[in-house]
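Hello,

Here is the structure I promised to pass on.

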Amino acid sequence: MMRTIFLLSLLFALSNASVQDFCVANLKRADTPAGYPCIRPIHVKATDFVFSGLGTPGNTTNIISAAVTPAFVAQFPGLNGLGLSTARLDLAPKGVIPMHTHPGASEVLYVLDGSITAGFVSSANAVYVQTLKPGQVMIFPQGLLHFQINAGKSSAAAIVTFNSASPGLQILDFALFANNLPTELVVGTTFLDATTVKKLKGVLGGTG
């Protein structure tokens with residue numbers, strides 16, 4: 001009898017427990033390691049769960065002839081707390097997404113159009129490279145250096161997804177040369193000479 005009462009009490013408690021289905025980001029508040037604070041449910045709209053920006057090609061008239069259109073939590077508040085995000089990649093002929101990492105997420109790339117050569121370098125310095133056609137998918141494990149290059153003569157496009165609402169981004173070239181780290185320290189911690197470092201800093205807007 002006592003066992004039955006206990007089970008009924010437990011079921012009643014579970015049925016009345018508060019379940020938070022989502023947490024649409026309040027972008028007016030500060031981000032935290034756990035994500036943004038939630039807006040009040042009464043203010044949540046269906047449009048908070050819809051993002052339309054991936055349907056339009058990005059502007060590839062830049063130094064890398066490529067564009068990334070993000071749908072991270074800052075652009076798509078409904079992702080907050082759900083552990084995922086997405087983005088669109090557009091690469092003009094000879095376009096490249098340079099060597100970079102996402103400290104906070106693994107990545108899945110799905111090719112929409114064109115031909116893309118993509119690859120990553122493992123922590124053991126093993127290299128994995130593949131040229132992808134439309135419909136093919138490649139994964140890039142969290143934190144590893146990786147890249148994408150347009151391998152064809154026409155424009156290419158892809159959709160990428162991440163297992164974090166804020167995957168983070170660090171581009172290797174910019175990390176080394178687009179900052180104020182003194183040239184002598186860059187030279188001393190790499191195999192590059194001072195002339196090359198200064199030239200790259202000039203191209204990428206670095207100082208020091």
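Let me start with serine 115, which is found in the loop between β4 and β5. Strands here are DSSP runs of E with at least two residues, helices are runs of H or I with at least four, and both are numbered from the N terminus. Before going further, please keep in mind that this is a predicted model: local features need pLDDT of at least 70, side-chain atom pairs count only at pLDDT 80 or more, and totals for chains, interfaces and linings use all residues. Residues are numbered from 1 along each chain as its sequence is written, and side-chain values use heavy atoms, with hydrogens and water left out.

Is serine 115 buried or exposed? Its relative accessibility is 8%, so serine 115 counts as buried (buried means under 20% relative accessible area, exposed over 50%, partly exposed in between, with a 1.4 Å probe and protein chains only). Its side chain and that of lysine 133 are joined by a polar contact of 3.3 Å. The term stands for a pair of N or O atoms within 3.5 Å; within protein, one must be able to donate a hydrogen and the other to accept it, and residues adjacent in sequence count only if both atoms are side-chain atoms. Leaving aside residues up to four places away in sequence, serine 115 touches Thr131, Leu132, Lys133, Ile149, Asn150, Ala151, Gly152 and Ala156 (contact means heavy atoms within 4.5 Å).

Next, the sheets. Valine 96 stands opposite isoleucine 149 in β8.

Four bridges pair β4 with β7 in the antiparallel sense, and glutamate 107 stands opposite phenylalanine 140 in β7.

The largest nonpolar core has 19 residues, of which Leu89, Leu109 and Ile116 touch the most other members. Such a core is a set of buried Ala, Val, Leu, Ile, Met, Phe, Trp, Tyr and Cys residues joined through side-chain atoms within 4.5 Å. Two or more residues each come from β2 (85–91), β4 (107–113), β5 (116–121), β7 (137–140) and β9 (156–162), and β9 gives the largest share, four residues. Apart from it lies another core of nine residues, including Leu54, Val73, Leu79 and Ile159.

Finally, there is one disulfide (a pair of cysteine sulfur atoms within 2.5 Å). Cysteine 23 and cysteine 38 form it, with their sulfur atoms 1.9 Å apart. The link is left-handed, with -105° about the S-S bond. Cysteine 23 counts as buried at 13% relative accessibility, whereas cysteine 38 is partly exposed at 33%.

Terms used
Two strands pair if DSSP finds at least two bridges between them.
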